[in-house]
Amino acid sequence: MSSATAPRPAFSDEQLQELSALMKEADSVELKVTIPESAQLPTARALGLDPLQSQLRQVFFFDTPDLSLDAKGLVVRARRSQKKGDDTVVKLRPVVPSELPSDLRDLQDFGVEVDASPTGYVCSGSLKGFPKDGAVRKVMTGDRPLRKLLSKEQQLLFAEHAPDGVSLDDLSTLGPLLILKLKNTPEGFERKLVTELWLYPDGSRILELSTKCEPSEAFQVAAETRAYLSSRGIDLGG
């Protein structure tokens, strides 16, 4: 299929059918592309990005030392955001939306999202939480246990999907990761584009561009976004 109708011509017909089926049952779609380090500065210049307009975020992940949660497709994350406050998430990835319990999908803070990129896609279910400002920092300093940071619904979701014998008290903190997030509408592009620069403790960095849309318009938005980024000389195959 041409880039006018699909996010990536290399997707097989079977993959496109699976992606279409997932999107029909999702609440939202996020289209992403990761820029290799060698192209990050040219990309920032091509999009006219101003780092001083970005929001600073501090992100922590929680897992066992052998990453048993990751192996089970379970993600526990806490985040501090400049001028926005704290938030948490317990995420299941991947999921099949039709197989999720109805009482979980009915929760106000639970959402199903498809993340799609030029290299693939994944569907996840996320239960968000919004603790009081400063709560994440108290967990990081040891003044509050992790379980106190999560809502009752998040704790229940964790317990239902965690590896046998693993509790929240068994988790170690991974991070922090520093993220610079910039949301703007670049010249010549009619949608909001989110740019995130992830700075890892080992000194490496990842630059990610993304835009969200309704599932029904995902293929069209993917084609338009791909065409725009390509017109700015941004490498989508890194």
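Is Asp87 buried or exposed? In this predicted model, Asp87 is buried, with a relative accessible area of 11%. The cut-off for the buried class is under 20%, so the value for Asp87 falls inside that class.

The side chain of Asp87 takes part in salt bridges. One joins Asp87 to Arg77, with an N to O distance of 3.5 Å. This pair links distant parts of the chain. Arg77 belongs to strand 3 (residues 74–81), and Asp87 belongs to strand 4 (residues 85–92). The two residues stand 10 residues apart. Arg77 is buried too, at a relative accessible area of 15%. Asp87 also meets the side chain of Arg79 in a salt bridge, here at 3.1 Å, N to O. Arg79 is buried, as is Asp87.

Across the whole structure, the search finds 9 salt bridges. Another of these pairs is formed by the side chains of Glu217 and Arg191, at 4.0 Å from N to O. Glu217 sits in the loop between strand 9 (205–213) and helix 7 (218–231). Arg191 sits in the loop between strand 7 (172–184) and strand 8 (193–199). The pair therefore ties together parts that are 26 residues apart in sequence. Glu217 counts as partly exposed, with 30% relative accessibility.

The cysteines were examined for disulfides. The count comes to 0 disulfides. A disulfide requires two cysteine sulfur atoms within 2.5 Å. For Cys123, the closest cysteine sulfur is that of Cys213, 14 Å away, which is too far for a bond. Cys123 is buried, with a relative accessible area of 2%. Cys213 is buried as well, at 7%.

On the surface, a nonpolar patch is formed by Leu56, Leu178 and Leu199. Together these leucines have about 220 Å² of accessible area. Leu56 lies in strand 2, which covers residues 55–63. Leu56 is partly exposed, with a relative accessible area of 37%. Patch residues must have over 30% relative accessible area, so Leu56 passes this cut-off.

How values were computed
Residues are numbered from 1 along each chain as its sequence is written. This is a predicted model: local features need pLDDT of at least 70, side-chain atom pairs count only at pLDDT 80 or more; totals for chains, interfaces and linings use all residues. Side-chain values use heavy atoms; hydrogens and water are left out. Buried means under 20% relative accessible area, exposed over 50%, partly exposed in between (1.4 Å probe, protein chains only). Patches are made of residues with over 30% relative accessible area and no salt bridge: like charges are joined within 9 Å, nonpolar side chains (Val, Leu, Ile, Met, Phe, Trp, Tyr) within 5 Å. Accessible areas come from the Shrake-Rupley method with a 1.4 Å probe; for residues, only the protein chains shown count as cover. Helices (H or I, at least four residues) and strands (E, at least two) are DSSP runs, numbered from the N terminus.
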